[in-house]
Amino acid sequence: MPLQFLKPSISLCQGARMMFYAMTPNETAVRTLQEVPDYVQQATPFFIVMLVLEFFIGWVQKGWPPVRVNDGITSLSAGVLSRLPHVLIRSIELSAYVYVWNNFRVFELPWNSPWTWWLTFLGVDFGYYWLHRMAH
C-alpha cells in the first residue's frame with residue numbers, strides 16, 4: 001500500500017491540473033461506478049508537494065518558517081473535520097442519484113459523446129439558475 005501511495009496512477013501534468021480542476025471531460029469520464037478512481041489517493045501526493053512548496057517559498061521569502069508545525073497540523077485537522085458533514089451529505093446524494101438512475105431513467109445518453117457533456121452542462125446550469133431564482 002505505501003508504494004502505491006507514492007506512485008500515483010496519473011501523470012505529473014494531470015495531477016497538477018487535477019489540483020486546479022483543469023481536467024478535461026475525456027480524462028474524468030467513466031462508464032461505471034466501479035471504474036471511478038480513488039481521487040483522494042491520486043491527489044494526496046500532489047497536495048503534500050504543494051504544502052511543502054508553500055512552506056519552502058514562505059521560508060525563502062521571509063527568512064523563517066511561515067507557520068509553526070503545531071499550527072499547521074491543527075489547521076489541517078480542522079480542515080479535514082470540517083469536510084466530514086459534506087462527506088455524509090454527498091454520500092446521501094450519490095445514493096439517491098444511483099437509486100433514481102436505476103429505477104426511473106427514461107433514456108440513456110452516450111457517456112462519451114460531446115453532446116451529452118454539453119447538454120448536461122447546460123441542464124445543470126439551467127437547474128441551478130432556477131433553484132437560485134426560487135431562493136430569492
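**Reading an all-helix model**

Q: What does the radius of gyration of the protein chain say, against a compact globule of 136 residues?
A: The radius is taken over C-alpha atoms, and the globule rule is 2.2 Å times the number of residues to the power 0.38. A compact globule of 136 residues would come out near 14 Å, but the protein chain has 20 Å. Its C-alpha trace spans about 60 × 40 × 25 Å along the principal axes.

Q: What kind of model is this, and how are residues numbered?
A: The model is predicted: local features need pLDDT of at least 70, side-chain atom pairs count only at pLDDT 80 or more, and totals for chains, interfaces and linings use all residues. Residues are numbered from 1 along each chain as its sequence is written, and side-chain values use heavy atoms, with hydrogens and water left out.

Q: How many helices and strands does the protein chain have?
A: Helices (H or I, at least four residues) and strands (E, at least two) are DSSP runs, numbered from the N terminus. Here there are six helices and zero strands. The pattern along the sequence is α-α-α-α-α-α.

Q: What share of the residues is buried?
A: Buried means under 20% relative accessible area, exposed over 50%, and partly exposed in between (1.4 Å probe, protein chains only). Of the 136 residues, 8% count as buried.

Q: What share of the contacts joins residues 24 or more positions apart?
A: A contact means heavy atoms within 4.5 Å. Among contacts with a separation of 6 or more, 58% come from residues 24 or more positions apart.

Q: How many salt bridges does a search of the whole structure find?
A: A salt bridge puts a side-chain nitrogen of Lys or Arg within 4 Å of a carboxyl oxygen of Asp or Glu. The search finds three.

Q: Which residue pairs with Arg17, and what does the pair tie together?
A: Arg17 forms a salt bridge with Glu27, with the closest N and O atoms 2.7 Å apart. Arg17 lies in helix α2 (residues 12–19) and Glu27 in helix α3 (residues 25–28), so the pair ties together parts 10 residues apart in sequence. Arg17 is partly exposed at 23%; Glu27 is partly exposed at 31%.

Q: Which residue forms a salt bridge with Arg105?
A: Glu108 does, with the closest N and O atoms 3.9 Å apart. Arg105 is partly exposed at 41%. Glu108 is exposed at 53%.
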